[in-house]
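Below is a short briefing on one protein chain, grouped by topic. Keep the sequence and the model open while reading.

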Amino acid sequence: MLDDSFSAVDTETEKNILSNLKQLNKDIGFLIISHRISTIKDCDEILVLDEGRIIERGTDETLMQQQGKYYEIALQQRLEDEIKEKLS
């Protein structure tokens, strides 16, 4: 279980760690808890919680199509990333 373990690293480091984990442990499942969409977008199944209750469930693609809470968070985080890039 990885409980928001990527919150302190940049997105490039996060991508490298996740890629290495996938290669090393192809037959092992992971439970990843994260507020960062980029951390979980490639997971087989994503559960979106609100006040401890599952409010959405699916893949990144299906959740984005539903345009619910996951979609809102993803758009907000993408906008924040774009702003950070422009300011640096």
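In this predicted model, Ile-37 is in contact with Asp-60, Tyr-70, Ile-73, Ala-74 and Gln-77, once its neighbours within four places in sequence are left aside. Ile-37 is also one of the eleven residues of the largest nonpolar core. Leu-75 lies 38 residues from Ile-37 in sequence, while their C-alpha atoms are 9.6 Å apart in space.

**Nonpolar core**
- Besides Ile-37, the largest nonpolar core takes in Phe-6, Leu-18, Ile-32, Ile-40, Ile-46, Val-48, Leu-63, Met-64, Tyr-70 and Ala-74.
- At least two residues of this core come from each of α2 (37-40), β3 (46-50), α3 (60-66) and α4 (69-87).

**Overall fold**
- The protein has four helices and four strands, and their order from the N terminus is β-α-β-α-β-β-α-α.
- Along the principal axes, the C-alpha atoms fill a box of roughly 35 × 35 × 25 Å.
- Buried residues make up 23% of the 88 residues of the protein.
- Among contacts with a separation of 6 or more, 37% are between residues 24 or more positions apart.

**Helix α1**
- Helix α1 covers residues 11-24, which is 14 residues.
- From first C-alpha to last, α1 reaches 20 Å, close to the 20 Å expected at 1.5 Å a residue.
- The N-terminal end of α1 is capped by Asp-10, which has a side-chain oxygen 3.1 Å from the backbone nitrogen of Glu-12.
- Leu-21 is found in α1 and, not counting residues up to four places away in sequence, touches Leu-2, Phe-6 and Phe-30.

- Arg-36 sits in the loop between β2 (32-33) and α2.
- The side chain of Arg-36 reaches the backbone oxygen of Val-9 at a distance of 3.1 Å.
- Residues up to four places away in sequence aside, Arg-36 touches Phe-6, Ser-7, Val-9, Asp-10, Thr-11, Glu-14 and Gln-77.
- Thr-39 is part of helix α2; leaving aside its neighbours within four places in sequence, Thr-39 is in contact with Phe-6, Glu-14, Leu-18, Ile-32 and Ser-34.

- Thr-39 counts as buried because its relative accessibility is 4%, and the cut-off for buried is under 20%.
- Leu-21 has a relative accessible area of 21%, so Leu-21 is partly exposed.
- Leu-75, which lies in helix α4, has a relative accessible area of 37% and is therefore partly exposed.

**Largest pocket**
- The largest pocket holds about 1,100 Å³ of space.
- Its lining consists of 35 residues, and those nearest the centre of the pocket are Ile-32, Ile-33, Ile-40, Cys-43 and Glu-45.
- Two or more lining residues come from each of α1, β2, α2, β3 and α4.
- Helix α1 gives the largest share of this lining, with seven residues.
- Ile-32 and Ile-40, listed among the residues nearest the centre of the pocket, also belong to the largest nonpolar core.

Conventions:
Residues are numbered from 1 along each chain as its sequence is written. This is a predicted model: local features need pLDDT of at least 70, side-chain atom pairs count only at pLDDT 80 or more; totals for chains, interfaces and linings use all residues. Side-chain values use heavy atoms; hydrogens and water are left out. A nonpolar core is a set of buried Ala, Val, Leu, Ile, Met, Phe, Trp, Tyr and Cys residues joined through side-chain atoms within 4.5 Å. Buried means under 20% relative accessible area, exposed over 50%, partly exposed in between (1.4 Å probe, protein chains only). Contact means heavy atoms within 4.5 Å. The expected span of a helix is 1.5 Å times one less than its number of residues. A polar contact is a pair of N or O atoms within 3.5 Å; within protein, one must be able to donate a hydrogen and the other to accept it, and residues adjacent in sequence count only if both atoms are side-chain atoms. On a 1 Å grid over the protein atoms alone, a cavity is a set of points where a 1.4 Å probe fits but cannot get out, and a pocket is an open set with protein on both sides within 12 Å along at least five of seven lines; lining residues have an atom within 4 Å of a point. Grid points are joined across faces, edges and corners, and a volume is the space filled by probe spheres set on the points.
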